[in-house]
Each structure stands twice: as C-alpha cells, then as structure tokens.
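Thank you all for coming.

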Amino acid sequence: MNVASEKRGFALPGDPIASNVNVDPRSYLYVYKIDNTIYAAVPCMYEITNNVLKVIPLEGVYVPKPGDVVIGLVINFVITHWQVDINSPYIGILHASNVLGRPYNPAKDELKDYLEIGDYIIARIENFDRTRDPVLDIRGKDMGRITEGKIIEIKPSRVPKVIGKKKSMLNIIKNDTNCDIVVGANGRIWVKCPNKDLEDIVALAIKLIEKEAFLPGLTEKVRTLIANEKHERGLL
Amino acid sequence: MSGKKPPFPLLKDGKRHDGRGPMDLRPIQMKVGILHNADGSAWVKMGRTEVIAAAYGPREPPMKAMILPDRAVIRFRYHMAPFSTDERKSPAPSRREIELSKVIREALEATILTHLFPRTVIDVFAEVIQADGGTRTAAITAASLALADAGIPMKGLIAGVAVGKVEGQLVLDIDQVEDEYGEADMPVAAIVGLRKIVLLQLNGVLKPDEFLKALSMAWEGLKRIYELERSVLGSKYKGV
C-alpha cells in the first residue's frame, strides 16, 4: 500500500499518512507505525519532503525540546536548584550554577537572593529526554528574570499561529503596537509595551489568534482588531 | 433485562417501540471543545442519552507514588449525574460506576500511546447528563473525542454501540426500555480504523450464531458512528 501520494495534508488520529517514509525526529510524538505505514496519532498537518515526514500537531501539550526558549514560573527551590513550571507535563529544573554562571557553593550562596517563588523567567531548555526532568539555563542575552510587562498564556499548539510564516504574524503585532514580544515555545508570551492600553490590545490580538487559529482570514482580522482597538482607545 | 413482561410491544410489524428498524441507530449529535477549562472535551447525544467527557493531560501526577517510569497513568471516571435518571441517583460512585470506569479505562489504554509520556497522568472524566440506555458506549465515544480534542496521541478514535435482543430479534443501539425488557444486551467498542475491538460485554444469553450476527451488526453501527466522529472532529479544523 502506498498512501504517500500527497505531499501535504490534514490527518485525524488513526488516519494512514504514508508508507515507507522516514519520520522527522521532532514528529515521532505525533505518529505511530504499523508495518511500514505511518499513522497520525493526533489531529495534525503533515508535510512530506524528500521522503521525510514532518508533522505539525494542531492540539496537545508542550513537550520540551533542547534549545527551545520558554517562559517559566518559579514554583519552588531546594538546596541546589529551582523548580520551574514550564506549562508542560514535566517540571523544569534550574540549577544554581546555570543562574550564577559559576560553580555554586551552598554554604555561601542563598538561592532566594537570586530568584523568588512566583518570578517569571525566560529560559532555554538545555537538556531533556523524558526519563528525567528538563534542565533549564537562563544565562545569555535577553534571558533571565522578567521584571516588567505582561505574561499571556495560550495553548502551546497555537504558538506557530502566533508567530506565523516567517514571523509574519508576530511582526504585524510588533509593528502595529511598538511592543517587545517574546513568544515562549511553551505557550507563554511576554509582552512589554509603551503603555497599558497597547498591552491590552496585544493580549486581545493574541487571544483572538488562539481562538480562531484554524479559521481563514486570520491576519486581516488581527490587523482590524488592532486598528479598531487603537481607534477606540484614542491611540491613533 | 429484568425478565419482566414489557408494558407495550417492543417489536411490532418489524418496527421497534420508537419506530426504528432493527438496524437503525438513534439520532446522534456530537460536539467537541465544549468546556473551556479542560484540555479537550466532547458532548455526545444518542437519542435521549447525553454524556459530557473532559480530558486533561498528559500532566504532572498529583502524587509521586502513582507514577510509572515507562508510561503515562490513565485515570477514567464514569459518573452518572444525580438528575440523569428517573429517580434521583446518589452521587456517590456505585459498584456499577466503579466497574464501568475500570472497563472503559482499559479500553482507552488500548488506544492511547501511553509510552510517549512516561511519568505523567492522563485524566478523563465522563459525566452522564441524561441516561436512556447505552450510557457506557456513549461515554466511551465521548471520551475518545475528548482525548483527540486534547491532542493526546492515540491509535485511533473509538466508537461504541450496543446490540440487543428484543423479542427474539437482534436490534442495534438499544435504549433503556429495550435494555430493561429485552433478552440480551451486548455493548461493543472498537478502534474502527484498525478494526480492533477494545470493549465487549454481554449481558443475557445469545446463541453462537446470534453472537456473530450481533457482532457484525455492531460493526455496521460502529462504522456509522466513527464517520460522524471524524466529521465532527474534522469540522473544527476546516480552516487549515
């Protein structure tokens, strides 16, 4: 049976997608294989290029991947590390040395001097393989504790829609509102705007994208929403 | 299956008491994404039987003691609302509800790819809003839709339907009256796409040839329910 006739498509759980193709390593969570046929395991879009199958899930939780930038919430700290909620089934571990940038000495350093419970952080997933909790790192440019702005939480599966093709959607929001936006791969979005009204407008735009992610004409709707809201609030 | 005589004929001129033929399903309605707070949810109405299901997860387990190192734990609760029946039902889980929760959980374990999310838990709740026979099959159908809506990886959608024996004749998708006064009730649930049965119970007596016929009738019903499930789920993504 060869069902790999189309290159792109939509599949529901249990639909055969293709036979005798290789699965992209990032897509193995969304498909399964019986004999040589690959079946979809979640509602998804798929794309086959050069005999490699890539799957974009339309629903689902965030599964950490090394290298992803995420926005986490510090929920606890123990003697050597913080525990960070990263909106995923697995809790993030932030080792003290990954904050201090030097070896950590429990006798000298107090963790709560650096990050408190309830702090939001922008972090990168350093390591993760599902048998152990993901290890985070906040060293680097534009990373670390968030001190201002607003956090908006959406479904992680809607993140690609907020970013858009070649960041098109994100750039529309950024340019129309003059806000700084960091989209975490885990569905948390940090927004910093010149004023509170613009922050609210960005929140409304992002919530609209989350709600109408699969309906046509989304870009135009977002543009209209931002323009209308700005007009109503007297920002134009 | 009380053994009592029905108050009115269950089968008359080849038609059942509600006017359906032996192979007719009750009118079915389904919706997905009806609950805001759940990761995935579904509502299934088969005739007068109504079930809401909600799926959560994979998420961090509430107790570390319950985790499994190699796969996700599935918890399923089948529950009938106190107002779902003629006489008020006590909201405490009954023996029947505990048993149904177990068999449906085992049916769901056959379709969910639990090995993909070790050390997590997947919760599914099915609440019977109105009971008129076939609640377990409606619950498993709703649970399967809720799981798909939550994006929990699964081998395929499950559909469920019951076949009964009424006045000596096999009939598809029995309701409360046919269940109560009929001679047999056989709920079947399957991953239709893979042709795999995940739940099969039989209450009453069927001869071997009747059993085989009942199973093939159930398949016909399951295929129709499965198509409906697919179209309901697919319509959510019609813009992609």
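The largest nonpolar core in this predicted model has 109 residues, and those with the most contacts inside it are A:Leu53, A:Trp82 and A:Leu94 together with B:Ile104, B:Leu108 and B:Leu147. Helix H4 of chain B, which covers residues 208-236, gives the most to this core, contributing ten residues. From chain A, the core draws at least three residues from each of domain 1 (8-56) and domain 2 (69-145).

Let me stay for a moment with A:Trp82. What does A:Trp82 touch, not counting residues up to four places away in sequence? The list includes A:Val74, A:Asn76 and A:Phe77, then a run from A:Gly92 through A:Ile93, A:Leu94 and A:His95 to A:Ala96, and also A:Val99, A:Leu111, A:Tyr114 and A:Leu115.

I turn now to the charged side chains, where a search of the whole structure finds 38 salt bridges over all chains. One of these joins the side chains of A:Asp15 and B:Arg230, at 2.4 Å from N to O. That pair crosses between chains, since A:Asp15 sits in the loop between strand E1 (8-11) and strand E2 (16-19) of chain A, while B:Arg230 belongs to helix H4 of chain B. A:Asp15 counts as buried because its relative accessibility is 12%, under the 20% limit, whereas B:Arg230, with a relative accessible area of 23%, is partly exposed.

A second example, within chain A, is the salt bridge between the side chains of A:Asp119 and A:Arg145, at 3.8 Å from N to O. Here the pair links distant parts of the chain, 26 residues apart, with A:Asp119 in the loop between helix H1 (97-100) and strand E11 (120-127), and A:Arg145 in strand E13 (residues 144-145). Is A:Asp119 buried or exposed? A:Asp119 is buried, with a relative accessible area of 15%, while A:Arg145, at 46% relative accessibility, counts as partly exposed.

Finally, A:Glu229 forms a salt bridge with A:Arg233, and their closest N and O atoms are 3.0 Å apart. A:Glu229 counts as buried at 16% relative accessibility, and A:Arg233 as partly exposed at 29%. Both residues belong to a network of salt bridges that also links A:Lys150, A:Lys196, A:Asp197 and A:Asp200.

Terms used: Residues are numbered from 1 along each chain as its sequence is written. Chains are lettered from A and ligands numbered from 1 in the order in which they are written. This is a predicted model: local features need pLDDT of at least 70, side-chain atom pairs count only at pLDDT 80 or more; totals for chains, interfaces and linings use all residues. Side-chain values use heavy atoms; hydrogens and water are left out. A nonpolar core is a set of buried Ala, Val, Leu, Ile, Met, Phe, Trp, Tyr and Cys residues joined through side-chain atoms within 4.5 Å. Buried means under 20% relative accessible area, exposed over 50%, partly exposed in between (1.4 Å probe, protein chains only). Helices (H or I, at least four residues) and strands (E, at least two) are DSSP runs, numbered from the N terminus. Domain bounds come from an automatic or database domain assignment. Contact means heavy atoms within 4.5 Å. A salt bridge is a side-chain nitrogen of Lys or Arg within 4 Å of a carboxyl oxygen of Asp or Glu.
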